[in-house]
Amino acid sequence: MIVGGGSAGWLTAGILAAEHRTNSPEGLRVKLVESPDVKPIGVGEGTWPTMRDTLRKMGVSETDFIRECDASFKQASRFDRWVTGADDDCYYHPFALPNGYGDVNLVSQWQALPSPKPYAEVVSFQAQLCYHQRAPKQITTPEWAAVANYAYHLDAGKFGQFLQKFCTENLGVEHVLDHVTGVNPADNGDIASLETGANGQIEGDLFIDCTGFASLLLGRHYGIGLKSRKEVLFCDTALALQVPYETENSPIASNTISTAQKAGWIWDIGLPTRRGTGHVYSSAHTTDDDAEMALRSYIETSGGDSNRGSVRKISINPGHRETFWHHNCVAVGISAGFIEPLEASALALIELSATMISTELPATREIMDTVSKRFNERFLYRWDRIIDFLKLHYVLSKRTDSDFWLDNRRTETIPARLLELMELWRYQPPSRSDLFQIEEIFPSASYQYVLYGMGFEPEQALPRRSDDAALAERFFQENAGMTRKYLAGLPSNRDLLDLVMRHGMQKI
Amino acid sequence: MANIELLNNIDHKNLKVKIERSAELGDNVWFTPTFPQEFKVLQNHYPIVFTKNTETGQFQAVALLGFEAGENLFLDENGWNANYIPLSIMRQPFLIGFQHAEKDGVPIKQMVVSVDMDNPRVNETEGEAVFLEHGGNTGYLEQVNSILKLISDGFERNSAFIDMLMGMDLLESFVLDVELDDGSQHLMSGFYTINEESLSGLTGDDLVILNNNGHLEPIYMAIASMSNIPKLIEMKNSLLETKTPHADD
């Protein structure tokens with residue numbers, strides 16, 4: 001029983017229904033109830049590459065997905081003005097792993113290069129692909145397959161509708177449009193059924209709360225509190241504004257652009273038909289009016305019409321629930337927690353949550369307590385890692401132009417584990433052993449891209465066998481070769497999207 | 001680049017076309033497009049496989065003529081060594097196009113014949129004349145017209161054929177790993193063939209649909225055509241033999 005029909009509700013429905021054969025008579029029954037009046041928040045517009053696998057397993061056609069969700073290809077995040085705030089301050093965090101990652105210490109050999117070059121460029125061809133606004137594949141590449149690892153930018157509203165249609169028409173998910181007016185508890189404290197306006201009581205074995213900020217079941221019914229993490233991540237307000245392209249042939253960036261501001265940062269996401277921008281900031285460090293002015297001025301300088309449209313304000317209470325799975329109720333999406341979208345973690349967390357619920361779907365009520373305990377442990381760990389990773393972007397900044405940046409580097413605002421790791425990384429680069437869970441939300445390579453992209457300078461260490469200069473050089477050369485080859489062979493992001501619109505991609 | 005002109009008996013009054021087969025005239029291609037109605041005659045000579053059009057990503061059927069770009073194993077100094085030449089080769093240097101016209105007030109698509117003036121076959125001195133002295137069509141042009149008509153009809157039905165293959169999961173990619181007598185290896189990828197396992201697993205309904213649409217025969221023709229691959233390898237090997245003298249010679 002899923003309550004709420006935004007991206008969280010429908011992704012969860014799709015993941016569960018596809019795995020548990022909901023469209024066959026003996027399969028799991030999945031029902032989604034949503035209020036006809038509640039509009040989805042629709043802010044999650046960037047995904048991680050995991051979304052390809054998630055949608056493929058649901059049986060979606062990538063061509064349909066791109067056409068109907070106004071989706072485009074995303075290969076990286078680009079961070080502007082995060083280090084010094086200067087015009088030329090820019091680095092990439094690409095999705096492709098560094099070439100030769102794990103085989104040799106790339107970092108020490110990159111540092112030893114005679115002329116300094118950006119880390120991302122030396123170890124990955126993807127930064128150059130992004131710089132030249134290239135697509136991550138060709139029109140002949142089959143659906144879901146990549147030449148360069150990629151994720152998506154999408155229209156969250158359309159994505160929800162697309163998934164709804166797919167889930168109800170293909171996967172056997174039952175859709176109930178109704179108001180949930182109350183919760184009927186069972187004797188053991190579980191939820192027995194939901195009270196609805198027109199459909200009476202709806203019973204279920206497991207209730208998944210996808211009701212966004214309202215958190216109807218976990219928050220309101222069970223009173224599970226929100227653990228604020230504002231002391232670490234200060235941004236608590238967002239202003240969103242959609243921007244049309246200058247012309248219909250304007251290039252579509254194949255990376256998210258995140259531009260640091262005095263009291264936050266601005267996201268800029270290129271969809272085929274428009275850009276989505278927004279300013280996320282700390283209300284303790286600036287005012288709404290100043291934040292809106294900063295957003296409009298950014299739009300002006302990036303080639304948009306700064307006078308058009310009115311901004312939509314979203315208040316964020318940065319943090320997550322104390323626990324996510326309580327009795328027979330589990331929260332997925334914003335109802336479980338929300339944090340500034342600096343590394344597009346929102347949709348990725350939904351995928352991970354729904355996948356774990358699906359994989360470990362309790363066969364009996366007794367085993368549910370074991371599963372929920374495991375779920376809570378794992379997701380508390382994941383929230384902590386996301387918060388560490390986002391905080392890293394702020395801690396490494398050298399900006400001194402506002403209290404926002406200075407406050408961000410105060411030791412008492414930095415999680416202890418992150419402080420420890422940063423100390424360790426002075427002597428050894430981030431590696432897989434720093435992040436030991438199997439499905440780490442951000443792999444150690446991501447930490448490397450951010451650390452060295454932001455000019456983190458490790459100490460000289462004693463030489464090791466893995467400091468193999470010749471081997472590292474071979475990987476660097478190989479990467480340079482791939483960069484040339486892919487730049488020559490890959491179309492522009494816009495050209496590929498046009499071809500997908502016109503001809504579609506093949507399944508094989 | 002092609003220089004396409006609409007064929008007419010004024011501008012192209014003296015046009016002649018060289019019809020012999022040679023690399024110089026552009027026959028050195030390693031595959032050439034085909035369509036289901038041609039499979040039956042092709043499968044005697046050439047492997048019929050599928051590949052994606054690099055501009056659109058759409059599947060097209062092709063007759064395989066060699067193992068690498070520029071290699072047509074059926075071609076030598078005497079011409080084309082097979083008694084059937086694919087129609088997409090035979091049509092050169094002519095193309096088919098459509099013009100929007102009107103008939104009794106109703107818009108219609110009208111087939112028109114164009115010629116690529118940059119094609120090396122085109123000249124004014126050698127080969128087959130296209131128009132008669134007073135502007136009528138020569139027998140050669142009539143023959144070209146009928147080839148173009150066949151191609152046009154064929155490609156029109158092609159997408160329905162491909163859609164059905166895709167819909168029933170009847171295509172699979174294959175990698176041809178050819179080892180030649182001289183020890184050299186050729187890895188060919190980007191080609192697709194009929195998935196025989198899927199085909200044999202089809203239920204009655206799907207088979208009836210395929211058959212009623214005339215798709216079943218070309219599917220089996222494409223499967224049968226794969227027996228030409230060893231023949232193609234053989235041709236490549238004997239070519240290598242004539243090129244590389246033996247050490248004890």
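This is a predicted model: local features need pLDDT of at least 70, side-chain atom pairs count only at pLDDT 80 or more; totals for chains, interfaces and linings use all residues.
Biologist: Let's start with helix α1 and helix α2 of chain A: are they parallel, perpendicular or oblique to each other?

Modeller: Helix α1 of chain A covers residues 7–19 and helix α2 of chain A covers residues 50–58, and their axes come within 9 Å. Those axes cross at roughly 50 degrees. Angles under 35 degrees count as roughly parallel and 65 to 115 as roughly perpendicular. The two helices are therefore oblique.

Biologist: Which residues of α2(A) meet α1(A)?

Modeller: On the α1(A) side, look for A:G14, A:I15 and A:A18. By class, the contact has three nonpolar, two polar and one charged residues. The α2(A) residues that meet α1(A) are A:T54, A:K57 and A:M58.

Biologist: Now take α1(A) and helix α7 of chain A: what is the relation between their directions?

Modeller: Helix α7 of chain A runs over residues 156–170, and its axis comes within 9 Å of that of α1(A). The two axes cross at roughly 30 degrees, and the crossing is left-handed. Angles under 35 degrees share one label, so α1(A) and α7(A) are roughly parallel.

Biologist: How many charged residues are in the contact of α1(A) with α7(A)?

Modeller: From α1(A) come A:S7, A:W10, A:L11, A:A13, A:G14 and A:A17. From α7(A) come A:A156, A:F159, A:G160, A:L163, A:Q164, A:F166 and A:C167. By class there are nine nonpolar and four polar residues, and the number of charged ones is none: no charged residues.

Biologist: Let's jump to helix α16 of chain A, residues 493–502: within what arc do its buried residues fall?

Modeller: The buried ones are A:N493, A:R494, A:L496, A:L497 and A:V500. They pack against α3 and β3 of chain A. Looking down the axis of α16(A), you see them line one face of the helix, because they fall within an arc of 165 degrees.

Biologist: Is A:D70 buried or exposed?

Modeller: You'll find A:D70 in the loop between α3 (62–68) and β3 (72–74) of chain A. Its phi is near 50 degrees, a positive value in a residue other than glycine. A residue needs 20 or more C-beta neighbours to be buried. A:D70 has 21 inside 10 Å, so A:D70 counts as buried.

Biologist: Over in chain B, what kind of peptide bond joins B:Q92 and B:P93?

Modeller: B:P93 is in the loop between α3 (87–90) and β8 (94–103) of chain B. Omega for the bond between B:Q92 and B:P93 is about 5 degrees, and the bond is cis.

Biologist: Last one: which strand gives the most to the side of chain B that touches chain A?

Modeller: The contact takes eleven residues from chain B and eight residues from chain A. The chain B side has four nonpolar, five polar and two charged residues. Giving three residues, the top contributor there is strand β12 (residues 171–179) of chain B.

Conventions: Residues are numbered from 1 along each chain as its sequence is written. Chains are lettered from A and ligands numbered from 1 in the order in which they are written. Axes are lines fitted to C-alpha atoms, for helices over the stretch in contact, and angles run from 0 to 180 degrees between N-to-C directions. Helices (H or I, at least four residues) and strands (E, at least two) are DSSP runs, numbered from the N terminus. Angles under 35 degrees count as roughly parallel, over 145 as roughly antiparallel, 65 to 115 as roughly perpendicular and the rest as oblique. Two residues are in contact if their C-beta atoms, placed from the backbone, lie within 7 Å. Ala, Val, Leu, Ile, Met, Phe, Trp, Tyr, Cys and Pro count as nonpolar, Asp, Glu, Lys and Arg as charged, and the others, Gly among them, as polar. A residue is buried if 20 or more other C-beta atoms lie within 10 Å of its own, exposed if 12 or fewer, and partly exposed in between; C-beta atoms are placed from the backbone. The arc is that of the directions from the helix axis to the C-beta atoms. A crossing is left-handed if the near helix is turned anticlockwise from the far one by less than a right angle, and right-handed if clockwise.
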